[in-house]
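Student: I would like to learn how to read a few features of a model. Please take them one at a time.

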Amino acid sequence: MASSSLDHTLTLDIPFETEAQASIAMRVLQPDPILRPQDFEVTYSTRGASLVVSVASVDDRVLRVGVSNIIDSIKTIVETADELSLQQ
Amino acid sequence: MSQEIVDTVTKYLTPNIPIKQISQGAEAVVFTSSAHPYLPTPEHDADGKPLQYIIKYRPPKKYRHPIIDRQLTKHRTLSEARLLSKLFLIGGINVPKLIATDPYNGCLWLEFLGEDLPNNSGFSNLKNFLWANVNDPYNDVVKSTLIKVGEQIGLLHFNDFCHGDLTSSNIVLARDDTQSNDWKVFLIDFGLGSMSKLVEDKGVDLYVLERAIISTHSAFSDKYNEWIIEGFSNVYNKHGKGGETKLKEVLKRFSDVRMRGRKRTMIG
Amino acid sequence: MVNLNTVPPRNNRDYYIAIGLEGSANKLGVGVIKCSRSAHMASGDNSHNCDVEILSNIRNTYVTPPGEGFLPRDTARHHRNWCVRIIKQALEEAEIKNPHLDIDVICFTRGPGMGAPLHSVAIAARTCSLLWDVPLVGVNHCVGHIEMGREITKAENPVVLYVSGGNTQVIAYSENRYRIFGETLDVAIGNCLDRFARTLKIPNAPSPGYNIEQLAKNCKNKDSLIELSYTVKGMDLSMSGILAYIDTLAKDLFRGNKKNRLLFDKETGEPKVTVEDLCYSLQENLFAMLVEITERAMAHVNATQVLIVGGVGSNTRLQEMMGQMCKDRANGKVHATDERFCIDNGVMIAQAGLLQYRMGDYVKDLSETVVTQKFRTDEVYVSWRE
C-alpha cells in the first residue's frame, strides 16, 4: 500500500568510467537502510557504465532531502574511485 | 597500600591498638583489631577467644583538593555512623553494630562480621560466595541467599533509606546462630548512603546493583537479579495494597533508569 | 588458548598491514599500522603486546567557532571533504604502493557516534574495500581506544577509564567482554567541559577541554574552591546538575549580576572569582569524582592498573590525580597516552580491527557495515583475549 502513495519520482543516471566502478557504487550504496521506508524508496541498478538511482517519495521535500544525501555519498564514491583506484 | 597510610593510622590510633589490615576499598582501609575503644576489658566469644572489631579508616586522599577531601571524609563518616545507628534499630535489617566514630579523622569502629569461606575462596562477602559456587551456580543456598539479599534491600528502601553503592562486595554473609547451612545477610559500607523518600534514588540503587551483578557474575546474572528482585518484592508485598503500589513505582523507575542507561547516545 | 596467527598475511608477507578510518565525532583520522606475525602471538593472551609499528597517523579536526558546538550535518560534510585526501596522505606516508597487495584489512568505526559523520566515512571504507579487494572490519570506537591504550602502555589487564566527548565509563575485562562497571548517568565529561567552554566563549581549537585545562592552570587562588555538588553514585556519577550550576555562575559573572554574593563582594561590588577560578573548581570537582569511581572499580575487581583513554584522558591534571590515587594503592600503576593516541585517531581503529581480523572476524557481507549510533562497549565479543 505504501508504494501507491509514493508518486514523486526521480531517476538519476550517473556515468562512471567503467562498468566495474558503476557496480562498486551500487554495492556501496545498497546496504544502508532507509529511515522512513513508508515515505521514501530507492533502488539502485547499473546500465553499462552507469549507475541508475530510482527514487520514489511522498512529497517533494522528502524527495529533495533523500536525493541530496544519496548524491553526497555518490560524490565520495566517485572521488574515492578517481583518487584511490589501483594503478593498472 | 602505601606505608604512609599505615603510619598515619598507627599514629592516630596509638601503638596501644593492634591492627591488621584486611582490605583496601576505594575510600577506606579496613583493619581488624582486638581492642575495644571503651570497654575496660576485651570481650570474648563463647569459646573464650577474644572478639575482633573492625576499624574502618578513611585516609586523606591526596589526589583531591584538601577542601573536597575534608568535607567528604567528614560527611561520609558521619553519615555512615548515623545511618548505621538508625538502621540497627529497625527490625529485620542487618547491619554491623556501631561502636565508636570520629568523623573529623574519618574513623569508624564496628562489630566484626563474616568469616573465611572454605577452599581459599576468600572472605564471606556475596561476591566471593557467588564465585565459590560457580560450579553449582543455581543451588538452593545461592537462591535463598540472594532472596535474602533482596529482602534486606527491600527493607532498606521500604524504610526510606538508600545505600548508594550496592555491589556484591558490599554485602556480607555471616553464619546464622543455628548449625544450618544458612547465611544471614548484612549490608555494609553506607558511606554513600542516605535517607531518601525519592523513587529515583531507589531506582538508581537497584540499577547500580543489577549492573554490578551483570559485570561481576555475568554468566548467571539473569537468574541472580531475578532472585534479588523476588526478595525485594516480598518485603513490599507484605504491606498490602499500599506496599504493592509503592513496589510498582520503584520497579517502574528502576526500569526507566535502566532504559536511560541503555538508550543514552554514546558519541565517541 | 588464543591464536592470533590463524589468518595469514596477504602476499606471503610475515607481517600484517591494516588501515583504520575514524570519523565518529569531529575528528577525522586515518592511520596505517604494521604488525609482525610473531610466534608468541600464536598462543596465550598477548593482544596487549603486538609489536605495532605506526606507519602513519593523520588527523583532521572539524573546528567550530567559539560558542558553537559541532552539528552532525556539518561534521559529515567536513569528513566527506577531507576523507579521500587524508586516506591518500596516510597511504603515501606509509609508503603503500599497491593497497591490493600491501593491505590486509580496512578497519572503520561502525559506532558509537554521530550517525551522519560515521556514515560518510563508512562509504569511503566500503568503496576502498571493493576497489582494492581488501576485507573490511567494523570496529567499536570504545574498544579501539582500549586496545590502542593497552598496546602503547603494555597494560595487560587494567581498569579502563574512558573519558571523551560522548562517553564516561569505567570498564574492566571479564570473560571475553569489556564490561562497564560504572558510567555517567547523564552527560559525558567531555560534553560537560565542551558545553562549559561554549558558555565561556573560549576557542574550540585545539580542543575546548585543553583550553579549560590551561585556564585552570592559571587559577591564582588554588587554596579555595567554589563549592560544587559531589555526585558519585557507587561506580556511577552524575554531572548535569554541576554543569547547570556552574553555567549559571559563569553567566552571572559575565552579566555582572551583583546580587550574586558568591561572585561579587557585598561592599565594593568587585568580582571575587575569575573565569580561571571557575575552570579550576570545575576540574577539581569532576576529576575527583572520576578518580573515585575508578578506584572503586579497582577495589571491586582487585585490579592494580588503570588505563586512561579518550580525549579527556590527555588532561595532565586528571593523569596527575589518577597517579596520586594509584600511589596509595598496593602496586598501583596508572597508564596514559599522549594526545596522538588519546584523541580519536585512525590508528586505534586499525589496532582493534586488526586483532578482530586476525581472529577471523571480518565482514562477509556489506550489510554488516551499516553504522550504528548506539553501540555499547560490552556488545563486542572480545575473541582475542582469554
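Student: Does C:Asp344 count as buried or exposed, and why?
Tutor: A residue is buried if 20 or more other C-beta atoms lie within 10 Å of its own, exposed if 12 or fewer, and partly exposed in between, with C-beta atoms placed from the backbone. C:Asp344 has 27 C-beta neighbours inside 10 Å, so C:Asp344 counts as buried. This is a predicted model, in which local features need pLDDT of at least 70 and side-chain atom pairs count only at pLDDT 80 or more, while totals for chains, interfaces and linings use all residues. Residues are numbered from 1 along each chain as its sequence is written, and chains are lettered from A and ligands numbered from 1 in the order in which they are written.

Student: Where is C:Asp344 found in chain C?
Tutor: Helices (H or I, at least four residues) and strands (E, at least two) are DSSP runs, numbered from the N terminus. C:Asp344 sits in the loop between α10 (339-342) and α11 (346-358) of chain C.

Student: Which residues does the UniProt annotation "binding site" cover?
Tutor: UniProt positions are given in the numbering used here, feature names are shortened, and annotations may be inferred rather than shown by experiment. The unreviewed UniProt entry gives C:His141, C:His145, C:Tyr162 and C:Asp344 as "binding site". They span 204 residues in sequence, yet no two of their C-alpha atoms are more than 12.0 Å apart, so they gather at one spot.

Student: Which residues is C:Tyr162 in contact with, leaving aside its neighbours within four places in sequence?
Tutor: Two residues are in contact if their C-beta atoms, placed from the backbone, lie within 7 Å. On that basis, C:Tyr162 is in contact with C:Cys142, C:His145, C:Asn167, C:Gln169, C:Ile171, C:Val309 and C:Gly310, leaving aside its neighbours within four places in sequence. C:Tyr162 lies in strand β6 (residues 159-163) of chain C and, with 26 C-beta neighbours inside 10 Å, counts as buried.

Student: How many residues of chain C are in contact with chain B?
Tutor: The size of an interface is often given as the accessible area lost when the parts come together. Here residues are counted by contact: 41 residues of chain C touch 27 residues of chain B. On the side of chain C that touches chain B, the largest share, nine residues, comes from α8(C).

Student: In which order do the elements of chain A run?
Tutor: Chain A has three helices and three strands, and from the N terminus on they run α-β-α-β-β-α. Of its 88 residues, 23% count as buried.
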